[in-house]
Every structure is written in C-alpha cells, then in structure tokens.
Amino acid sequence: MKTKRIHLFEFEDQKWFPQLLRNYVTDFLQYLANKVKVYEPVVDVINETLQKSDTTQIIDLGSGGGGGLLWLGKELQNKNSEISIKFTDLYPNIEAFQHTTSQSDIFEYHSEPINAKNVPENLKGLRTMFLSFHHFRPQEAKMVLQNAINNDQPIAIFEIQDRGLPSIVAMLLSPLSVLATTPFIRPFRLSRLIFTYLIPIVPLIVLWDGIVSALRTYTADEMKDLVNTLENNTAFEWEFNKKKSKTGFVIYTIGIPKKQYKS
C-alpha cells in the first residue's frame, strides 16, 4: 500500500543550500547507482527508445554530477557505438562533470544552467531524467513534459523508488551506505570526509532527502494522468511501466513523437 504523494522540501532544491554539500550528496547517489547497477533492468528499454526515436544523442536533464550514468553509458555504447550523452543541470556540478567526461568520450556536458521546464531548442535528442522528475510539483512536472512535446523531442523518465514501505525503509538505512562508501567516492576531497564523519551533515541530508524523494515520486498511473492533461499529447506514443530491479523497481515513462517513431 502506498501513501498519497506528499511534496515536502528537499535540501538539494533550495537555492541557499551550499553547492559543496549538494555536490557531495549527488556524488554519493551517482556512486551508488553505478555500483548497484540500478538501471540495469532498463538498458534495453533505453536502447529501444533511441532506435524508435531515430537518434543516438541523449540530453540528460538534472544530471547532478553525471557519474550515475557511467555504467549505463558503457552498456548503451556496447549496443550502439555512436551514442552520445550530454549532461545538464539547473545547478551544474562542473568539477564532477569534468571528472565523468574524462572517463569516456561518449560524455560531454553543458556548463550553463539548464531548466528542464524550458530546454533550449538547440539541445536535440532523447531527453532523459534519472531520479530527478520527483523534484517537480504536478504543475511544474507538466511543464517539463509539455516542453518536450512542444519541441518534438522524445523524453524518458526513470525513478528507482516509490512511496511503498520497502522504499521508505531503504531510505532510513541510507546513512549507513553513505558512511560505508564515502572513502571510495572520487574525486577525493578531505572536506567530503569531514562533512560525512566529523560533522555528519551529508548522511543526514541523504536521509531526509531520500525519504522525501520516495514520498514525492509519481506512480505510473499518476504519470499517465499528468500526460493526459497536456496539449497535443496524442502527437506522442507513450509508455508507462516498471521493471523489477535488485533494489525494488525502476518506474518509467517514455514519450516519442509519432512523426519520428520507428517501430
């Protein structure tokens, strides 16, 4: 049984929240995503979406530091050597972007802030959102989806948590994961250790934001309801689904313009 969606605040969303701490939180999330391979169940889904959209370019929105796509990018490259992934974020973590892009030539990044509700027209390709769509309230979420429709750009949204009890319990245990993995996160920063062990701000932020993320996450049915309110939504082929993963489920929504849809 799932609770009603509750949109509490996340520290990561606040303009006043120090960029240093925001980076350390996103660094942890990305490290864990790669180690656990949380997006393994949807590799084929993403590859098929690229093929159906007739593109090899991914425009990743809300990328954090980009590192969460290291493992996934390699898997996609194995299926299509021409793939290219561009990182964007409203609060770009340039240092982390540089660290990630240095590890593979399929990655590049946009250094200026990019708002998912109003993506520049020159950024063309499959828009992806990994673990970031829940940050938007319903009206803002509709703006993200509507912008993709208005610009005839495919979009794929993925979340790895939901509002069920198992997800909440996993978030309650997340500070232990932070404590266990921090020494292995790169690039190494002494201040990362300080704000994790000596002054444990990072584990506490991960705990709070993790629980709030779960409570904010839209179900597949709620995503369908959002799409049904959009203008010209029938110009896209839509899929609302979920796939079982090692840690629960990956919930996803995919929209592809019919004019470029290749079955």
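**Close-up views of ring pairs and charged contacts**

**View 1. Phe-9, Phe-11, Trp-16, Phe-17 and Trp-208 are joined into a cluster by ring pairs.** The model shown here and in the views that follow is a predicted one. By the rule applied to ring centres, the count for the structure comes to 15 aromatic pairs. One of these pairs is formed by Phe-9 and Trp-208, whose rings are tilted, with 5.6 Å from centre to centre and 40° between the planes. Phe-9 belongs to the segment before helix H1 (19-36), while Trp-208 belongs to helix H9 (residues 201-216), so the pair ties together parts that are 199 residues apart in sequence. Phe-9 is partly exposed, with a relative accessibility of 39%, and Trp-208 is also classed as partly exposed, at 34%.

**View 2. Tyr-39 and Phe-130 form an edge-to-face pair, because their ring planes stand at 65° and their centres lie 4.8 Å apart.** Tyr-39 is found in the loop between H1 and helix H2 (43-53), and Phe-130 in strand S4 (residues 126-130), so that the pair links distant parts of the chain, 91 residues apart. Tyr-39 counts as buried because its relative accessibility of 5% is under the 20% limit, and Phe-130 is likewise buried, at 11%.

**View 3. Asp-13 and Arg-216 meet in a salt bridge, with 2.8 Å between the closest N and O atoms.** Asp-13 lies in the segment before H1 and Arg-216 in helix H9, which places the two partners 203 residues apart. Asp-13 is partly exposed, at 27% relative accessibility, whereas Arg-216 is buried, at 2%. Together with Glu-10, these two residues, Asp-13 and Arg-216, are linked in a network of salt bridges.

**View 4. Arg-192 and Asp-27 are joined by a salt bridge with an N to O distance of 3.0 Å.** Since Arg-192 lies in helix H8 (residues 190-198) and Asp-27 in helix H1, the pair ties together parts that are 165 residues apart in sequence. Both Arg-192 and Asp-27 are buried.

**View 5. Asp-152 and Lys-259 form a salt bridge of 3.2 Å, N to O.** Asp-152 is in the loop between helix H5 (138-150) and strand S5 (155-159), and Lys-259 is in the segment after strand S7 (248-257), 107 residues apart. Asp-152 counts as partly exposed, at 28%, while Lys-259 is exposed, at 68%.

**View 6. The charged end of Arg-5 sits over the ring of Tyr-218, 4.1 Å from the ring centre.** In another contact with a ring, Lys-244 lies over the face of Phe-249, at 5.4 Å from the centre of that ring.

Conventions: Residues numbered from 1 in each chain as written. Predicted model: local features only at pLDDT ≥ 70, side-chain atom pairs only at ≥ 80, totals over all residues. Heavy atoms only, no water. Phe/Tyr/Trp six-rings, centres within 6.5 Å; stacked < 30°, edge-to-face > 60°. Helix = DSSP H or I, 4+ residues; strand = E, 2+ residues; numbered from the N terminus. Buried < 20%, exposed > 50% of the residue type's maximum accessible area, 1.4 Å probe, protein only. Lys NZ or Arg CZ within 6 Å of the ring centre and 35° of its normal. Salt bridge = Lys/Arg side-chain N within 4 Å of Asp/Glu carboxyl O.
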